[in-house]
Amino acid sequence: MENNNKKLALDPFISWSHNFGRAAAAIIVVYMFAVPTIICAVFNCFPAFKDVLTGALPIIAIYWPVAFSEVLSYTPVLGSSSYLTFITGNVVNLKLPCAINAQKLSGTEPNTPEGDAVALLANSVSSLVTMGIIILGMLLMIPLKPLLETAFVQTAVSHMLPAMFGCLVLGFLVQDKGGRYWIKNKLLIPIVPFLLTLLVYILVPKAVQLQGVMVILSIAVCLLIARLLWKKGVVKAVTGPDAKPYEG
Amino acid sequence: MKFFDVANQPLVYVLVAIGLVLVAAMAVISARRAYRRCLDAGLSKEQLKGVISSSASFSVVPSISIVIGLISLSALIGIPWAWWRLSVVGSVMYETTAANMAAKAMGFEVFTDAPAAVFGAVLYVMTVGIIFGIVMLIVAGKPLMLGYAKQRSKGSWGLVSNSCFLLAMFAALVPSFFVEGTVYILTFFSSMLLAVLISVIAKKTGAKWLSEFTLAICLIGAMCLSVLWAGLFA
């Protein structure tokens with residue numbers, strides 16, 4: 001077991017990915033503050049500290065806890081690709097589904113070096129595509145505006161998330177018994193958290209805006225139920241055709 | 001100077017462009033390194049081609065929704081800063097809300113007549129508001145993720161617990177569609193049905209390449225169907 005952990009922690013790609021990701025994130029953070037500072041210095045438009053505070057406090061109150069819960073909730077799936085994913089943003093509505101889809105397509109698992117590598121590859125490509133399309137959108141904004149503001153496009157776009165997640169969820173409802181292993185009866189695990197979350201959303205509709213927090217709570221309930229079912233032998237990891245030995 | 005005299009200055013475009021070149025370089029370096037690691041792990045070039053084309057095709061439609069966000073956000077804070085904020089960190093939903101909240105907190109509905117210093121304040125406010133997640137990742141990301149990976153390596157229970165994260169995410173996100181109304185629910189199931197159809201077609205015709213585009217096709221198809229459902233039930 002110890003060997004296994006050491007190997008995991010010292011995988012050269014994982015190590016590189018964390019070092020590069022942290023350095024890249026630090027550079028971006030510095031640059032994000034450098035841009036306003038340069039603009040304010042050049043155009044002599046530094047704001048009063050009180051104005052920044054007045055504007056920032058309501059946003060911090062809502063978005064810092066959301067950001068905290070998003071990092072805790074989505075890093076287990078994104079692994080070391082999280083740095084680039086969070087740098088380029090649009091996590092839930094683009095990068096997370098993209099990473100999940102890529103891992104599913106390639107038959108890799110989250111929290112493994114190859115799963116992280118596939119997620120990083122997918123989200124790098126996705127980021128470049130998005131940056132390109134935003135540039136195109138900016139250049140063509142005037143001719144595109146009437147088209148993008150039609151009722152058809154507005155309605156379609158407002159339903160993007162269910163359109164995205166329907167397909168993704170189906171991929172996980174169908175038990176894939178190929179690969180290195182599969183989890184027997186895994187669909188028993190999310191039933192209770194699903195129903196509990198649904199109940200919370202019905203009783204407190206505003207909780208929908210705090211999905212990151214709901215994901216954390218759901219993880220806790222899922223782990224608890226999985227542990228109980230695993231101890232009773234109802235849920236277990238079963239080796240598949242491409243099995244590699246694991247301890248357990 | 002007024003708000004938009006500064007907001008649409010060429011210098012703002014230049015600074016944003018430099019930042020985006022940096023981010024693009026990071027993405028290219030990451031992609032190259034990840035590609036090599038995938039090959040080392042035994043994934044074939046064919047599989048990776050599938051991952052790349054699937055990721056690229058899937059990203060188009062959500063990116064168009066970001067462009068729609070760009071149109072509304074640029075009317076509020078100018079094109080270059082909207083371009084930057086929608087390309088780095090954050091999300092289309094956050095940026096629009098944050099810009100509106102910043103405007104209201106400073107006593108404005110729109111910034112047309114606001115002085116340039118308000119633009120300065122908006123730059124800092126939107127940056128401070130979104131920075132927490134990325135700073136948290138820099139500080140706590142590595143121990144957090146190595147912890148998850150270590151947990152996964154703990155034999156049978158490790159594998160079972162590792163599968164919980166995705167299941168938990170779906171269990172928390174999917175119910176939100178069910179409380180949003182009939183159109184959301186029908187769109188969700190339309191996407192599922194399209195995925196089944198594509199899978200059947202791919203199996204019957206042997207067109208394996210179709211699976212690479214399943215997510216993109218389901219996304220576009222279900223979004224189009226949502227317009228039909230909205231016409232019928234909204």
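Trainee: Are B:R85 and B:E95 buried or exposed?
Mentor: Both B:R85 and B:E95 are buried. Buried means under 20% relative accessible area, exposed means over 50%, and partly exposed lies in between (1.4 Å probe, protein chains only). This is a predicted model, where local features need pLDDT of at least 70, side-chain atom pairs count only at pLDDT 80 or more, and totals for chains, interfaces and linings use all residues. Residues are numbered from 1 along each chain as its sequence is written, chains are lettered from A and ligands numbered from 1 in the order written, and side-chain values use heavy atoms, without hydrogens and water.

Trainee: What makes B:R85 and B:E95 a salt bridge?
Mentor: The rule asks for a side-chain nitrogen of Lys or Arg within 4 Å of a carboxyl oxygen of Asp or Glu. The closest N and O atoms of B:R85 and B:E95 are 2.8 Å apart, so the pair qualifies. This pair links distant parts of the chain, 10 residues apart: B:R85 is in helix α4 (residues 79-87) of chain B and B:E95 in helix α5 (residues 92-105). Helices here are DSSP runs (H or I, at least four residues), numbered from the N terminus.

Trainee: Why is A:K50 called exposed?
Mentor: Its relative accessible area is 58%, and the cut-off is over 50%, so A:K50 is exposed. A:D51 is at 28%, so it counts as partly exposed. A:K50 and A:D51 also form a salt bridge, at 3.6 Å between the closest N and O atoms.

Trainee: Why does B:S54 count as buried?
Mentor: B:S54 has 1% relative accessibility, under the 20% limit, so it is buried. B:S54 belongs to helix α3 (residues 45-77) of chain B. Contact means heavy atoms within 4.5 Å. Leaving aside neighbours within four places in sequence, B:S54 touches A:N101, A:L105 and B:E212.

Trainee: How many salt bridges are there between chain A and chain B?
Mentor: One. A:D11 and B:R37 meet at 2.8 Å, N to O. A:D11 lies in the loop between α1 (2-10) and α2 (12-42) of chain A, and B:R37 in helix α2 (residues 10-40) of chain B. A:D11 and B:R37 are both buried.

Trainee: What area do chain A and chain B bury between them?
Mentor: About 13500 Å², with 82% of it on carbon and sulfur atoms. Buried area is the accessible area (1.4 Å probe) that two parts lose on being put together, summed over both. A:M32, A:F43 and A:L121 supply 5% of the area that chain A buries against chain B, more than any other three residues.

How values were computed: Helices (H or I, at least four residues) and strands (E, at least two) are DSSP runs, numbered from the N terminus.
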